[in-house]
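Please take a look at the protein shown here.

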Amino acid sequence: MGSKLRLVRSTNQSRRFRFLLLIVGCFIVTVTFLVVSKPQALVSNLGFGTSASTSPPVADGVSSDDDGVNGADSAAVRREEEDDERGHESESNNEKEENLSGEKNIVVDANPKEEVHEHELTESRTESEEHSAKSDDPGSSQDDAPGRLTLPTVSNYSIGDHTQPESNTPIVSEKLGEQIQTPERKPLCDNSDRRADICEMNGDIRIHGSTSSVLFVESLKIEQSEAWQIHPYARKGDQACFNEVRELMVKASNEAPQCTTNYDVPSIVFSIGGYAGNLFHDFADLLVPLFLTARQFNGEVQFVVTNLKSWWITKFNPVLQKLSKYPVINFDLGNDVHCFKQAIVGLRAHNEFQIDPARAPNGYTMVDFAKFMRSAFSVGRETVPNIEDLSARKPRLLIISRKQSRIFTNINEIVATAEEMGYEVVVNEADVSSGISQFAEIVNSCDVMVGVYGSGLTNSVFLPQNATLIQVVPWGGLEWMASNSYGEPAKQMGLNYVQYSVGIEESSLLEQYPKDHAVFTDPASIHIRGFQEMRSTFLEKQNVKLDINKFRDVLWKTLEQLIQ
């Protein structure tokens, strides 16, 4: 019986002890909960009131309880405005990162050894500001309103902690106030055009002739250098031509020779090699592209020329002086290092001896180019006036003669016929040795120009607007080539264009081949054999004897147009 009483008493004591432990445990949990979530409530509940003049410390970006909801909203607005400003910069950089097509971004520290701790601190501040902004968001005020019990969450404890940024988070320097990533820039050169490769650079550019190099000096260290091999001549893909054009190396580098001369104007680097000396190529490969590239600078540009030919500079000096106020620099001479803030290597070019206004700076056209050329060589007639009275003023007709091939074998008969019809006829030859200024004056004084397909027709650029160009196309399926080389440019310059195709009976080839030869029956088969075979057969071995009756009709139609 005694043992049973002792067992019951022991059991009751055990129950009271467990009940006491439960009460103590609940009290500890409650106190801990209040300490963590609402320390100010604990102080108030225990009777330790705060002084009315003392405000509780306010976290950066979080309103005090005295401000109420309006204070929290205004702080949130200010925080959002600041975050928006930083966010625009961040979004811009993120877009740049997404557009790098899988390439790694290179983040460079201006002083990596000294500022590592500063970057870590900045990262933690950046993340803490994000959490603070979230707590200030008016959209979350329902959960964070004053007096509402808030359960402890991870975000409550993360404020002020040193957290690591995500791997794609750009490092920001608080000292510099901006991101110090390697800035994205476009490639130095563009090789997408079928006529010419061109390089455009802005920054620290150093031109070193003795090493055939144009260096773009990078301010930040780069892992992989960018390099281009450029022939600065507008005839891309013509290897025979490029054999006479110096190849230049255009590259980005952290190392460069010291400047010997500095310039305040942009530079344009180009070659006077290739086919320079042939009048058509002087215009199609050099003068038109040079106009397209340099005219926009209004003379404030420096030409740097490789493969320089002094006779070419002399011949076209009026053009060069009108495009640039400064003497030409010989790229190939000496060991000087010429330094510029802007440089273009190569010349812009469209179709041969043509300009596409949609692609040209300032919408330049061939009319603009022709006007520019007339001005450069001081020829004043801009347009052809209608002829109302033939007795008062005869239309002036220029016949371009040739000496070696594609010769008019009956030129005297052509002249006599034209004079009978009322034309004043001038016969002249435009060869390499011709003074271009003097010949430009002759061309500009005429209303009509006639010539067989060849470089002499390039002088049509000096004709006044509304004048007429009559191109005689030799036998051999050359119409497409003649039209592209001189017909389309004439139309673009505001000229009237007439194309006269030679028949078999008008060609001297009839004296060399029978009528059933492929030269007459299938000219395309000659073209298939290559340009040299075509050139030898149809251009170098052929002369022309015009059918006077047939040609008279062309002259009549031209005369009627002048009178109208």
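This is a predicted model: local features need pLDDT of at least 70, side-chain atom pairs count only at pLDDT 80 or more; totals for chains, interfaces and linings use all residues.

Residues are numbered from 1 along each chain as its sequence is written, and side-chain values use heavy atoms, with hydrogens and water left out.

**Overall make-up**

- The protein has 18 helices and 17 strands. Both are DSSP runs numbered from the N terminus: helices are H or I with at least four residues, strands are E with at least two.
- Of the 564 residues, 42% are buried. Buried means under 20% relative accessible area, exposed means over 50%, and partly exposed lies in between (1.4 Å probe, protein chains only).
- Among contacts with a separation of 6 or more, 76% join residues 24 or more positions apart. A contact is a pair with heavy atoms within 4.5 Å.

**Helix α12 against helix α18**

- Two packed helices are described by the angle between their axes and the distance between the axes.
- Helix α12 covers residues 411-420 and helix α18 covers residues 548-563. They pack at an angle of about 40 degrees, and their axes are 11 Å apart. That makes α12 oblique to α18.
- Axes are lines fitted to C-alpha atoms, for helices over the stretch in contact, and angles run from 0 to 180 degrees between N-to-C directions. Under 35 degrees is roughly parallel, over 145 roughly antiparallel, 65 to 115 roughly perpendicular, and the rest oblique.
- The crossing of α12 and α18 is right-handed. Right-handed means that the near helix is turned clockwise from the far one by less than a right angle; anticlockwise is left-handed.
- From α12, the contact uses Glu413, Ile414, Thr417 and Ala418. From α18, it uses Ile548, Phe551, Arg552 and Leu555.
- By class, that contact has five nonpolar, one polar and two charged residues. Nonpolar covers Ala, Val, Leu, Ile, Met, Phe, Trp, Tyr, Cys and Pro; charged covers Asp, Glu, Lys and Arg; the others, Gly among them, are polar.

- Which residues of α12 are buried? They are Ile411, Ile414, Val415, Thr417 and Ala418.
- Seen down the axis of α12, these buried residues fall within an arc of 165 degrees, so they line one face of the helix. The arc is taken from the directions from the helix axis to the C-beta atoms.
- The buried residues of α12 pack against β13 (396-400), β14 (424-428) and α18.
- Asn412 and Glu420 are exposed on the other side of α12.
- Gly422 follows α12 and has a positive phi, near 110 degrees.

**Two loop residues with positive phi**

- Phe353 sits in the loop between β12 (337-345) and α11 (366-376). Its phi is near 55 degrees, positive in a residue other than glycine. Phe353 is buried, at 0% relative accessibility.
- Asn362 is in the loop between β12 and α11. It is not a glycine, yet its phi is positive, about 60 degrees. Asn362 is exposed, with a relative accessible area of 64%.

- Asn459 lies in the loop between β15 (448-452) and β16 (468-473). It is buried, with a relative accessible area of 2%. Leaving aside neighbours within four places in sequence, Asn459 is in contact with Leu279, Ala430, Phe439, Val443 and Met449.
- Thr521 belongs to helix α15 (residues 518-521). It is exposed, at 53% relative accessibility.
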